[in-house]
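Please read it alongside the sequence and the structure shown here.

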Amino acid sequence: MRPAPSGADDRPFPMHRLPFRDLDGLLLLDKPAGLSSNAALQRVRKHYRAEKAGHTGSLDPLATGLLPICFGEATKVAGLLLGARKAYETEARLGLVTDTDDADGQVLRERDVPLLDAHVVERVLKRYVGRISQRPPIYSALKQGGEPLYAKARRGEIVEVAEREVDVHALELLSITGASLRLRITCGSGTYVRSLVRDIGEDLGCGAHVVALRRLWAEPFRTPKMFTLDEIEAIDRGSEPGLAALDSLLMPVEAALADWPRLALTEAQALKLGHGQSLAGLDPANGLQAAFHPNGRALGLVEARDGVVHPQRLFRWAAAS
């Protein structure tokens, strides 16, 4: 695995200044290459001194780009973002197949790359747009028997991975340069770009693996303002006490609910909901919705069934509304 890039020096961070704290909100992190998503999360969490934090979908260590970090109550809606539509740009190296389907793996086969033009490549790409069957990489975080597949693969066990259906909404050829393809992909939850590149390479007759991958956006953050670890570290080192400057980078919890059906409540209804009571007489559409107080603050997720609104996952401040 490549080492994580860093533009800062190696002096220890002054973590002793403040204890960990309750913190609510979202940070749109631009994850660097060479770090796992969890390692990036833990570094951000330490800088923010946050008691509770999580992320909304792993990026491979090789990958860069958007990794939403949820603090505190925002972790309650992190699962909603896992299934969101996402967009990536990737560079594929033709002619080499690796055991991980990316450049961090061991080369398994090397083949000649045929002469390709845009017409030939685009004709293959069309096969992978829509609802397709895909076999995830054996080096992935998917679990089998309660254990990640990558753990089994690293022990040398034979790993059988079943195909599953995923959605590829768009697949665009950006360039062909020698043995490299650059692609832009818009896809749904559970789609592995590594698998997509692997299979496209096979259809082109030479195999392929991912050498670079960047997540551009994930709904509802279509034009994300991202912050790098270097930027976060510089703010933490340069400010006293630093937390106000770091907190100014955060988005409110409501930002995660932007694409969800909105249920506006009266103060009386918000009070009842905050005490765990169901609400009748609203006549909302069935399904999960985001409930809002008249002051504009999100109270949490509710589920409407046959004209009755039931609390599902409320934020802690709902009880005080």
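A contact means heavy atoms within 4.5 Å. By that criterion, residues 24 or more positions apart account for 70% of the contacts in the protein chain with a separation of 6 or more. The model is predicted, so local features need pLDDT of at least 70 and side-chain atom pairs count only at pLDDT 80 or more, while totals for chains, interfaces and linings use all residues. Residues are numbered from 1 along each chain as its sequence is written, and side-chain values use heavy atoms, with hydrogens and water left out.

**Overall make-up**

- The protein chain contains eight helices and 18 strands; these are DSSP runs numbered from the N terminus, helices being H or I of at least four residues and strands E of at least two.
- Of the 321 residues in the protein chain, 47% are buried (buried means under 20% relative accessible area, exposed over 50%, partly exposed in between, with a 1.4 Å probe and protein chains only).
- The protein chain exposes about 15400 Å², of which carbon and sulfur atoms supply 50%; accessible areas come from the Shrake-Rupley method with a 1.4 Å probe, and for residues only the protein chains shown count as cover.

**Aromatic pairs**

- Two aromatic pairs are found in the whole structure (rings of Phe, Tyr and Trp, the last by its six-membered ring, pair if their centres lie within 6.5 Å; planes under 30 degrees apart count as stacked, over 60 as edge-to-face and the rest as tilted).
- Tyr48 and Phe71 form a tilted pair, 5.0 Å centre to centre with 40° between the planes.
- This pair links distant parts of the chain, since Tyr48 is in helix α1 (residues 37–48) and Phe71 is in strand β3 (residues 64–71), 23 residues apart.
- Tyr48 counts as buried because its relative accessibility is 0%, and Phe71 is likewise buried at 0%.
- The ring centres of Phe315 and Trp317 are 5.1 Å apart and their planes stand at 35°, so this pair is tilted; both residues are buried.

**Charges over rings**

- Arg262 lies over the face of Phe292, at 3.7 Å from the ring centre (the criterion is NZ of Lys or CZ of Arg within 6 Å of the ring centre and within 35 degrees of the ring normal).
- Arg297 lies over the face of Trp317, at 3.8 Å from the ring centre.

**A five-stranded sheet**

- Five strands form an open sheet of mixed pairing in the order β14-β16-β17-β18-β15; two strands pair if DSSP finds at least two bridges between them.
- Strands β14 (262–264) and β15 (279–280) stand at the edges with a single partner strand each, so one side of each has no neighbour in the sheet.
- β15 pairs with strand β18 (residues 308–314) in the antiparallel sense over two bridges, and Val308 in β18 is the bridge partner of Ala280.
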